Amino acid sequence: MRSISRALAFAGALALFMAAPAGAKTRDYWVAAVPTSWNIVPNGRDAIMNMPVDSADTIFPTVVYRHYSKNWAKPLPNAVHSSADGLLIPGPLIKARVGDLIRVHFKNMDTLRHAPHSMHFHGVHYRPSSDGAYVPGFSGGDADVKPGHTWTYKLRAGNDSWGVWPYHDHSPSMHDSIAGGMFGMLSILKRHQRPPDREFEVVFTPFGKFMSIDGRAFVGNTPVFKSRVGDIVQWDVMAMGSEHHTFHVHGHRWIGPGGIPRDTVTVGPAESFQIRWREDAPGTWLYHCHVEDHMMRGMIGIYRVSKR
Amino acid sequence: MRRALLLGALAGAAVAAPAHAADINVLFQEFSPSAADVLPGETVTWSNISERTHTVTADDGSYDTELASGATFATAAPSAPGVYLYHCRIHAGMTGELDVWRVILAPLPTAPVPAGQPVDFSGRTADPSAPVTIEADLGSGFHTVATAQPAPDGTWKTTAPAQTTGDFRAVSGIDMSETRRLVVLDRRVDIRATKHGIHVTVTPALPYGRLVLERFTRERFGWFPVARRRLDYLSRADFRIRRPATVRVAIVDKDRWTPLATSAPLHLRAARR
């Protein structure tokens, strides 16, 4: 009996070993910290309360992560438009599959604050030189990339790396940088997992006077997510900052840990999760943080499902 | 010595200018305003109008007080100009600053002002004996556009007609306020339908000016930017637009968002088949 299980374990290990090189890829992402002029509320209003919002509170310069082509030759969208409205917050959606090597080539092009920056990734495997976290006397160039300088972070998506994970600035300027939008997500599929038809990025963060989703506040400004009945939709949800949030989607339920149906899940700072379902509810729905003070300060958006 | 000076300033304030103090509301997770402009020695009062307890704690340790819901705390602003940070010890990320200036220019209108309309400039100065001049940089360096004689309590007020979009500051002797931007509507944007979209002209000409195309949609609950373009050297531009659509075009300031002038809306009907 023991020999059979040992043989099975060996076969399993061999299968894993064989599978890794067959499907595994090296994925290169070119990312830069760049200045931009941000507007938290482009339509100028809190439509649900029918209140105008003063543009003096919503428009300001900030520094964000931006996706680039090879050697930072030209800017690219941070994700497909349907994932986050084509916005620069969150940063590039870094996609991979378990077994992949991910190389993130980072350049600091912060000509606004001339601050050091870095990238620190959750959920993946790496050496300390790819940690990107500043510790005086210990960390190296990965954690304190000066303006005009570059660093390549080498990451591996292990068997325990599937799911959605945050990345963010962890340099000496991290507090201001995260408050200004320097964060993003890794989305890692299991070895043979089917990619979703639609993938939506929802990042809960405080932003200036507002509580934002993807750096935007109030319906119409936050991403308008869209799908069709029959689509496999995946919500990538995370929080940054110092507060907890509760992610809630109207008209839908999903199965949470322990097989329990849920329609609201709590997410704390730097926590992240993914939710999937096959869409079967046409209509225009709300998605929002259910901490009521947060919702009233902008953490709310709409999700539109069309009939097939 | 410093304390004596501060007390003197406070006593003076109590006699001459009791009204001029900075009031800061302490909210659920923020100080509002988060940055307050104050003169040296002015009274700053924090009022906790939220339902939770906060602290008002100077980063330099000069004050630290717990503020229960409904409570207030007052202190005198530092005597030297500069930025003084404070925070709440209980709630991370809840920070504020006192900006101490010897001359303060109150915020200018945030909405664009039509060209030619008088604009009110007001503020406070630590030296009521010296005149305050308003200087504007409309693209070719700062020059004086108005002068004010302060009242004995340090407040001052004057007006000047809006000319064009630019940066303004108040000056008293060697002291200067922060710079504030005034957006002036001095252009006209016209749009007309073309076969594949719209044609834009701006008068007076604004070569290479920044344009934003906005669409009015139900799912955006109003006007929302959908495309950006620069005017050409003759102050013209074209946008391709899929019909039907209700659109308008705005010239925007260098921040890419603040509208300097906006066209009338135009409804493009569905193309005939």
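# A tour of chains A and B

Begin in chain B by selecting strands S16 and S17, which form a hairpin with two residues between them. In the turn sits B:Gly173, with a positive phi of about 60°. The model on screen is a predicted one.

**Strand S16 and its partners**

S16(B) and S17(B), the latter covering residues 175-176, are antiparallel and share two bridges.

Pick B:Ala136 in the viewer; opposite stands B:Phe168 in S16(B).

Keep B:Phe168 selected and look for its partner in S18(B): that residue is B:Arg180. Strand S18 of chain B spans residues 180-182, and three bridges link this strand to S16(B) in the antiparallel sense.

**An open sheet in chain B**

Now select strands S20, S21 and S24 of chain B. Together they make an open sheet of three strands in the order S20-S21-S24, with antiparallel pairing. S20 (188-193) and S24 are the edge strands, each pairing on one side only. On average, and with direction ignored, neighbouring strands of this sheet are turned by 20° against each other.

Zoom in on S20(B) and S21(B). Six bridges join these antiparallel strands. One pair to display is B:Ala193 with its bridge partner in S21(B), B:Ile198.

**Two loops in chain B**

Follow strand S21 (197-203) of chain B into the loop that lies between this strand and strand S22 (210-217). B:Pro204 is found in that loop. Show the backbone here: the peptide bond from B:Thr203 to B:Pro204 is cis, with omega near -15°.

Then move to the loop between strand S23 (222-230) and strand S24 (236-240) of chain B, and select B:Ser235. Although B:Ser235 is not a glycine, its phi is positive, at about 70°. Is this residue buried, exposed or partly exposed? B:Ser235 has 18 other C-beta atoms within 10 Å, so it counts as partly exposed; a residue would need 20 or more to be buried.

**A loop in chain A**

Switch to chain A and select the loop between helix H2 (81-84) and strand S5 (94-97), where A:Pro90 is found. A cis peptide bond joins A:Ile89 and A:Pro90, and its omega is about 0°.

A:Asp85 is also placed in the loop between H2 and S5 of chain A. Its phi is positive, about 65°, although A:Asp85 is not a glycine. A:Asp85 counts as partly exposed because it has 17 C-beta neighbours inside 10 Å.

**Where the chains meet**

For the last stop, display both chains. How many residues of chain A are in contact with chain B? There are 20, and they are in contact with 16 residues of chain B. Among the elements to highlight on the side of chain A that touches chain B are strand S1 (26-39) and strand S21 (300-306) of chain A, each supplying at least two residues. Colour the residues of this side by type to see how they divide: eight are nonpolar, seven polar and five charged.

Terms used:
Residues numbered from 1 in each chain as written. Chains lettered and ligands numbered in written order. Predicted model: local features only at pLDDT ≥ 70, side-chain atom pairs only at ≥ 80, totals over all residues. Helix = DSSP H or I, 4+ residues; strand = E, 2+ residues; numbered from the N terminus. Buried ≥ 20, exposed ≤ 12 C-beta atoms within 10 Å, placed from the backbone. Contact = placed C-beta atoms within 7 Å. Nonpolar A, V, L, I, M, F, W, Y, C, P; charged D, E, K, R; others polar. Pairing = 2+ DSSP bridges. Axes fitted to C-alpha atoms, helices over the stretch in contact; angles between N-to-C directions.
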